[in-house]
Amino acid sequence: QVQLVESGGGLVQAGGSLRLSCAAAGLTFSRYAMGWFRQAPGKEREFVAAISKSGGDTYYVDSVKGRFTISRDNAKNTVYLQMNSLKPEDTAVYYCAVRASYYSDRVYYTEADFGSWGQGTQVTVSS
């Protein structure tokens with residue numbers, strides 16, 4: 001079955017950077033679109049960033065545009081989220097998710113679009 005393992009979270013000061021990784025197994029990675037979501041304490045999970053199966057198309061929530069970059073390495077079955085200029089409001093558990101995309105090379109950005117999820121990695125930004 002599909003397995004997704006996130007890593008790279010931690011504690012960082014405001015203005016700092018982190019790079020999250022999500023390693024995938026049990027699938028033909030290059031046939032799957034990927035997404036990052038996050039859930040802050042007491043809030044619903046929200047979309048952060050998405051990337052198409054080829055990496056040619058990306059999409060971001062407005063609050064992270066210009067600060068976060070999603071990328072993927074299909075040879076390593078891994079998707080990344082580079083997070084710069086971090087703010088305290090970015091504090092959350094970050095999840096990666098995967099969606100089969102055999103017939104199109106597009107991004108997906110709603111929770112219902114994604115079928116498998118990782119266990120999450122905590123990101124804490126101190127002020």
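Q: A salt bridge is a side-chain nitrogen of Lys or Arg within 4 Å of a carboxyl oxygen of Asp or Glu. Why is the pairing of Asp62 with Lys65 called a salt bridge?
A: The closest N and O atoms of Asp62 and Lys65 are 2.9 Å apart. That value is within 4 Å, so the pair counts.

Q: What kind of model is this, and which residues count for local features?
A: The model is predicted: local features need pLDDT of at least 70, side-chain atom pairs need pLDDT 80 or more, and totals for chains, interfaces and linings use all residues. Residues are numbered from 1 along each chain as its sequence is written, and side-chain values use heavy atoms, leaving out hydrogens and water.

Q: Which residues are linked with Arg38 in a network of salt bridges?
A: Arg38, Glu46, Arg67 and Asp90 form that network.

Q: What makes Arg99 and Asp113 a salt bridge?
A: Their N to O distance is 3.9 Å, and the pair links distant parts of the chain, 14 residues apart. Arg99 is in strand β9, and Asp113 is in the loop between β9 and β10 (116-117). Strands (E, at least two residues) are DSSP runs, numbered from the N terminus. Arg99 has a relative accessible area of 26%, so it is partly exposed.

Q: Which strands form the open sheet, and what is their order?
A: The order is β1-β3-β8-β7, and the pairing is antiparallel. The edge strands are β1 (3-7) and β7 (68-73), each pairing on one side only. The twist averages 15° from one strand to the next, taken between N-to-C directions of lines fitted to C-alpha atoms, on a scale from 0 to 180 degrees.

Q: How do you know that β1 and β3 pair?
A: Two strands pair if DSSP finds at least two bridges between them. Here 5 bridges join β1 to β3 (residues 18-25), so the two strands pair. Ser7 stands opposite Ser21 in β3.

Q: Which strands pair with β4?
A: β4 and β9 (residues 92-100) pair in the antiparallel sense over 8 bridges. Arg38 stands opposite Tyr94 in β9. Another 5 bridges join β4 to β5 (residues 46-51), again antiparallel. Gly35 has Ala50 in β5 as its bridge partner. β4 and β5 form a hairpin with 6 residues between them, and Gly42 in the turn has a positive phi of about 75°.

Q: What makes strand β4 mostly covered?
A: β4 (residues 32-39) has 8 residues, and 7 of them are buried.

Q: Which residues touch the most other members of the largest nonpolar core?
A: They are Trp36, Leu81, Met83 and Tyr94, in a core of 29 residues. A nonpolar core is a set of buried Ala, Val, Leu, Ile, Met, Phe, Trp, Tyr and Cys residues joined through side-chain atoms within 4.5 Å. β3, β4, β5, β7, β8 (78-83), β9 and β11 (121-126) each supply at least two residues of this core. Apart from it lies another core, of 8 residues, among them Phe37, Phe47, Ala50 and Phe114.

Q: Why is the link between Cys22 and Cys96 called a disulfide?
A: A disulfide is a pair of cysteine sulfur atoms within 2.5 Å. The S to S distance of Cys22 and Cys96 is 1.9 Å, so the pair qualifies. The count comes to 1 disulfide. The torsion about the S-S bond is about 50°, so this disulfide is right-handed. Cys22 in β3 and Cys96 in β9 are 74 residues apart. Both Cys22 and Cys96 are buried.

Q: What is the phi of Asn77, and where does Asn77 lie?
A: Asn77 has a positive phi of about 55° although it is not a glycine. It lies in the loop between β7 and β8. Its relative accessible area is 24%, so Asn77 is partly exposed.

Conventions: Helices (H or I, at least four residues) and strands (E, at least two) are DSSP runs, numbered from the N terminus. Buried means under 20% relative accessible area, exposed over 50%, partly exposed in between (1.4 Å probe, protein chains only).
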